[in-house]
Amino acid sequence: MDYQGFFSQHLDRLRAEGRYRVFAELERIVGAFPRARLHREGQAPRDVTVWCSNDYLAMGQHPVVVQAMREAIDAQGSGAGGTRNISGTNWLHAALERELAALHRKEAALVFTSGYVANETTLQTLGAMLPRCEIYSDAFNHASMIAGIRHSGATRRIFRHNDVAHLEELLGGADPSVPKIVAFESVYSMDGDVSPIDEICDVAHRHGAMTYLDEVHAVGMYGANGAGVAERDGVLAKVDIVQATLAKAFGVIGGYIAASAATVDFVRSCGSGFIFTTSLPPAIAAAALASVRHVTSHPELRVRHQERAATLKRKLAAAGLPVMPSTTHIVPVFVGDATLCKQASDLLLDRHNIYVQPINYPTVPRGTERLRLTPTPLHGDDEIVRLVAALRNVWQALQIGQRAAAE
């Protein structure tokens, strides 16, 4: 087989469809967020404004977090020294897990190297080891959840997105004696919609299923203490396993689960994605711990964040731009074509020094391509005005609305 030819042909198809991904090489500037420096070969670096970062609360450059990381590096060096089982468990890992368990009002927590690994490992372990397990998965679940469910070998049943009645129907037809897990998210990151956590949990528990909630795009940003939508909605106790990240609102890297002590210990003891992975560096754990403590004790961050998102949505709508419905901090602007989406992203960067990554298939279904804006507490009024003006300019230049109407 011509391996290189196969690879090249596939990449050519991605380019022809407008789905080939080009990385923007950014240099983050401490104290200047949301500005960053764009590097391109053969060009002088230039400043751009980032409008698509998942550093939702700008904690990645917060002095408290940076200082905690710096002190840990000075005290302990760089790496953890091994897996958690073999010399790689640092006292900072344990302190972080206790903090996360308290945040979600669970007995225990377990930290992984990323949110993806946390989802994949936990769902794979539970699905594989619970005898005859069935996993009920929301149709819009993240790729990491899908991968974990598939790799578990458990029976997978997909319920329509946020459709409680469909979930009830599927569970009602199942063998009551079979172990079941209902896996879903709180905030869905591409549309910005929220699941009915209370109703889903009630249906799941009525049929003897465990509930597994991904709060990756909600933790730190919702609830009185930042524990997520489940805290905001007063249903923390109904969630059996919560999974979330340290890489978004907390601005560092890593993922975790929080649940009963027995559940967490089971995954710790049986999950290969945890057992055979070198643990997070102590400096990362220190930074995450400082960030969690700061975010949970500063609710004004959440207030400001929601205000910025609401202001941006209002100004986009007033400008006649196709902002998609969203009840959260995620602000999608509809394009509907992969090639146009990439062109719009390029024009924003080249003409206006605004960086927004195009969101195309397979991240979203074909025909729903969009620009996904993520305002933070540090995006000021002037930056919002400049973004809206730039989007209007790009929409006119590419005739995005006119083309869609003509087609």
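Helices (H or I, at least four residues) and strands (E, at least two) are DSSP runs, numbered from the N terminus. The structure is a predicted model, in which local features need pLDDT of at least 70 and side-chain atom pairs count only at pLDDT 80 or more, while totals for chains, interfaces and linings use all residues. Residues are numbered from 1 along each chain as its sequence is written, and side-chain values use heavy atoms, with hydrogens and water left out.

Four bridges link strand 11 to strand 14 (residues 370–373) in the antiparallel sense, and Val333 stands opposite Leu371 in strand 14.

Two packed helices are described by the angle between their axes and the distance between the axes. For helix 12 (residues 299–318) and helix 14 (residues 381–398), the axes come within 10 Å and cross at roughly 35°. This crossing of helix 12 and helix 14 is right-handed; a crossing is left-handed if the near helix is turned anticlockwise from the far one by less than a right angle, and right-handed if clockwise. Helix 12 contributes Arg308, Thr311, Leu312, Lys315 and Leu316 to the contact, and helix 14 contributes Asp381, Ile384, Leu387, Val388 and Leu391.

A second open sheet has seven strands in the order 4-10-9-8-7-5-6, and its pairing is mixed. Its edge strands are strand 4 (108–112) and strand 6 (155–159), each of which pairs on one side only. From one strand to the next the twist averages 20°. Strand 5 and strand 7 (residues 180–185) run parallel and are joined by four bridges, with Ser137 opposite Ala183 in strand 7.

Asn141 lies in the loop between strand 5 (134–138) and helix 5 (143–152). Asn141 counts as buried because its relative accessibility is 5%; buried means under 20% relative accessible area, exposed over 50%, and partly exposed in between (1.4 Å probe, protein chains only). The side chains of Asn141 and Ser137 are joined by a polar contact of 2.8 Å. A polar contact is a pair of N or O atoms within 3.5 Å; within protein, one must be able to donate a hydrogen and the other to accept it, and residues adjacent in sequence count only if both atoms are side-chain atoms. The Asn141 side chain also reaches the backbone oxygen of Ala183 at 2.9 Å.

Strand 2 (residues 35–39) has a covered face, Ala36 and Leu38, and an uncovered face, Arg35, Arg37 and His39. Strand 2 pairs in the antiparallel sense with strand 1 (residues 25–28) over four bridges, and Arg28 stands opposite Ala36.

Note on methods. Two strands pair if DSSP finds at least two bridges between them. Axes are lines fitted to C-alpha atoms, for helices over the stretch in contact, and angles run from 0 to 180 degrees between N-to-C directions. Contact means heavy atoms within 4.5 Å.
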